[in-house]
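Have the structure open and follow along.

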Amino acid sequence: MTVTFLESADNPEIPPGAVVRAGGTDLQERLRSANSRPDIIDLTRIPGFAGIGDGPDGGTRIGAGTRIAVVARDLLDSYPALAITSDGLATPQIRNVGTIGGNLLQRTRCWYYRHPEIDCHKSGGDSCPARTGRHLYGVVFDRSDCVHPPPSSIAMALLIYDATVSLSDGSELSVAELLGDGVDPAKDNQLPDGTLVVSVDLPAAMSGEEAAYFRSISRFEAEWPLVEAVVRARRSPDGAISDAAVGLGGVATVPLRMTEAERVLNGRDLDDEAIAEAAEACAAGANPLPETRYKVDLVRATVIEALGRLRATG
C-alpha cells in the first residue's frame, strides 16, 4: 500500500483500484472490515480544499474537505437546516474529523456489502443478499435491486437547498444529479470515474429561514438513523408557511425530496392538521420490505416530530 498526496485537484490521475482519503473516518472502517490494503490518494494537501467562502450569485462555497463540525458551527445563521443536520450526525469526534465531501459520498453501511466474503451488486456481484436475507435497516420505498439506504445525512440536507457540486474536471452537477435516482444497484452515486468533488455551492441564504431536523434511532445517540427528516421554511407574520422544503433519509436508496409534503405545508399555518397531512404525504407510496414495515409508521412519526420542532422555533 502506498499513500500519494495530491497537490492539485485539477484533473487528478487516480489509478484503477486506488481509493481517495480526506477525513478517512469511513474509509478506515471499510479497509479494516475488508482486510484490504489498496493504494491511497490523500486529498488533505490540496490548496483551498477546506474552508467556507463566497460562492456564485451571492451564495456560499464550501470546500469538500471542510470538517463537518465547521459547517455545523459557521453556517447555523445562514443555512440552519444544513448546520443542525451536520451537528446531529455521528459523534463530536467524527464531526471534527469527517468532511462534508466524504459524508456526501459515503458508501453504504449494508453489512453484506462490507463483508469481505460476500458479493453484492455494489461489490461486483449480481444480486442483493440483503433482499432475501436480513434487511431490518433497509428501504421502505423499494425502487432498486439494492435495498439498503445511503448513510449520508449531509446529502439529504444539501438536496433541500438545491445545492450543486464542482468537480475536479471543471464540470458541475446538482446534488440531485450527483445522487441520481438510486435505481442502479451497483452505484452509490453518479460521480464520474476518476473525478473528485472539489466544493459544494449553496444558493444565496434565505432571510428568515427556520429549520428543524430529527433522526429516529435505535439507541440514545451516536447511531445511524432508521429514518431522518429535515425541513426548512419561512413564516409570515400571521404564521403561514412559505418556501417549505422537506427531505427524508434512511427510506430509499437515495435521500428523497418530499415535494407533496411541501405542497401541503405552503400557505398554511403549521397546526396539527397540516403537520399530520404532511406526514401522511411523506409515507404515501411506501412499499416496504418484510422487515421494514415498521418504518412506514416511523416515517410519519419522524416527520411529525421534525415539523413539531420547526413550529417550536417560531
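Let's start with Ile40, which is buried at a relative accessible area of 2% (buried means under 20% relative accessible area, exposed over 50%, and partly exposed in between, with a 1.4 Å probe and protein chains only). Before going further: this is a predicted model, where local features need pLDDT of at least 70 and side-chain atom pairs count only at pLDDT 80 or more, while totals for chains, interfaces and linings use all residues. Residues are numbered from 1 along each chain as its sequence is written, and side-chain values use heavy atoms, leaving out hydrogens and water.

Ile40 sits in strand 3. Helices (H or I, at least four residues) and strands (E, at least two) are DSSP runs, numbered from the N terminus. Ala18 is 22 residues away from Ile40 in sequence, yet their C-alpha atoms are 5.6 Å apart in space.

Three strands form an open sheet in the order 1-3-2, with parallel pairing. Strand 1 (3–5) and strand 2 (19–21) are the edges, each pairing on one side only. From one strand to the next, the twist averages 30°, with axes fitted as lines to C-alpha atoms (for helices over the stretch in contact) and angles running from 0 to 180 degrees between N-to-C directions. Two strands count as paired if DSSP finds at least two bridges between them; strands of a sheet pair through backbone hydrogen bonds, either parallel or antiparallel.

| Strand pair | Sense | Bridges | Residues standing opposite |
|---|---|---|---|
| Strand 1 and strand 3 (residues 40–42) | parallel | 3 bridges | Phe5 and Asp42 |
| Strand 9 (residues 210–216) and strand 10 (residues 227–235) | antiparallel | 7 bridges | Phe214 and Ala229 |

How much of strand 9 is buried? The count is 6 of its 7 residues, so strand 9 is largely enclosed by the rest of the structure.

On to the helices. Helix 3 (residues 80–88) has several buried residues, including Pro80, Leu82 and Thr85. Just past helix 3, Ala90 adopts a positive phi of about 55°.

Tyr294 belongs to helix 11 (residues 294–313). Is Tyr294 buried or partly exposed? With a relative accessible area of 31%, Tyr294 is partly exposed. Together with Trp111, Leu136 and Tyr137, Tyr294 makes a nonpolar surface patch of about 360 Å². Patches are made of residues with over 30% relative accessible area and no salt bridge, joining like charges within 9 Å and nonpolar side chains (Val, Leu, Ile, Met, Phe, Trp, Tyr) within 5 Å. A salt bridge is a side-chain nitrogen of Lys or Arg within 4 Å of a carboxyl oxygen of Asp or Glu, and accessible areas come from the Shrake-Rupley method with a 1.4 Å probe, where for residues only the protein chains shown count as cover.
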